[in-house]
Amino acid sequence: MDGRRWSDLPADVLREISSHVCAAVDFVYFHAVCKPWRSSRDPLSKRTITTQFLPWLLAAADKESTNLRFRCIFSESSYHGKPPMPLAAAARNWVSNADGTEVRYLTVEDLCPTLHDPFTGEFSRLPDFPEDVRGWEEENPRGVIYSDRTIFLYSIRYHNDDDHRARFRAALLRPGSDKWTVIERTLQAPRYGEFCTAYHSGKIMLTVKATLWHMIRSEGGHEAGGDLLVKMPPLPRWTSEYYSRKYSYVLESRGELLWASVKIDICSDWHGVVTHELSMTVYVLQVEASAQEMKTRWVEKDVRSVADRLLFLGTPCSFAVDASRLGRHGGCAYFVYCRKPCDKVGVFSYNLLSDKATFFERLPQGWNDERCTWHVLQPTVSPIQTVLADLEAVWSSTLSC
């Protein structure tokens, strides 16, 4: 360093260094070292380099706790905190940005939906729901906010009879509109873990079962006449030696709609030893238009094309991140799975290039494999001038007392 102090590093060098600090906590620590290091991050400067932070897992609420519970599997860090306002566990229905950078919880009171920030307590009221969806909050709707600010809320409610049917309900709020578009369908009930849905290119895609998807036009209503069924090649039939579970996740990445299908074969030998064999296939939605017709189908994606990406699979949304921005090798997917009957909840990584699943980390008791949400924290570093002004205001108010 030629005798120079660390605090004398040029601002552009500091910005370059901080752009490689991917852990949100370390990023805050970095800018708390000294005034020059804090001042190096100017949110209004065009030279500011956007940092890609490591995703954290946000646990679903349980009936015994209203705390927010986070876990970063990469830095092995945990965080527990209370939200700014009391919140009933049953009301915590997450609405997440499609890229995971923001998360809100949805409440509905007398047809009035509101999105709440669980960290700051800030809230934004949305246009009222139409009368025909009164009581929808009892079905625990969740949703996704896309990059064009379209809000997509959805729920699925299984019938209590033996006809294996389920009601799917969705509500769309497009940018600039003050009216919700509501879509309802009664469909064959998907198996546990197989249901997922997304809004893509003006249409709603949802699974009906492992080999069948429904494409719904988003004009609204209850009629299914204009719907399109997107079939898959039949999967291998189960044998008497094992049974399978399938989990579906859907995400947008680089303009494509991807479907990650996780298959778990659960086997038991003569001694009662249970083993779990995991496999994953990634498909891409392919649309071929001609003068006569438009063909839509899922096509297995060449895994080499995702070798530079990391997939984070969860609910209510999944997303992909450029691996180089996190300083990690690509071609992997991360998801939570409960290894029943042992009931050990943990994070698995699946290497798409080598077709190998690895148990990454066990999660604490109380985490729910079905409803964990990936969230990319976005720490805010206030300019030093703002911090000094706030301190001066506090000092002045203290003296006046």
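**View A. The pairing of β8 with β9 in a predicted model.** Strands β8 and β9 run antiparallel and are joined by 4 bridges, where strands are DSSP runs of E with at least two residues, numbered from the N terminus, and two strands pair if DSSP finds at least two bridges between them. Within this pairing, Val144 stands opposite Phe152 in β9. The model is predicted, and local features need pLDDT of at least 70, side-chain atom pairs count only at pLDDT 80 or more, and totals for chains, interfaces and linings use all residues. Residues are numbered from 1 along each chain as its sequence is written, and side-chain values use heavy atoms, with hydrogens and water left out.

**View B. The open sheet that contains β8 and β9.** Its 8 strands follow the order β7-β6-β5-β4-β8-β9-β10-β11, with mixed pairing. At the edges are β7 and β11 (181-188), each of which pairs on one side only.

**View C. Asn140 in the loop between β7 and β8.** Asn140, in the loop that links β7 (123-125) with β8 (142-145), has a phi near 55°, a positive value in a residue other than glycine. With a relative accessible area of 34%, Asn140 is partly exposed, a term for values between buried (under 20% relative accessible area) and exposed (over 50%), using a 1.4 Å probe and protein chains only.

**View D. Arg149 in the loop between β8 and β9.**
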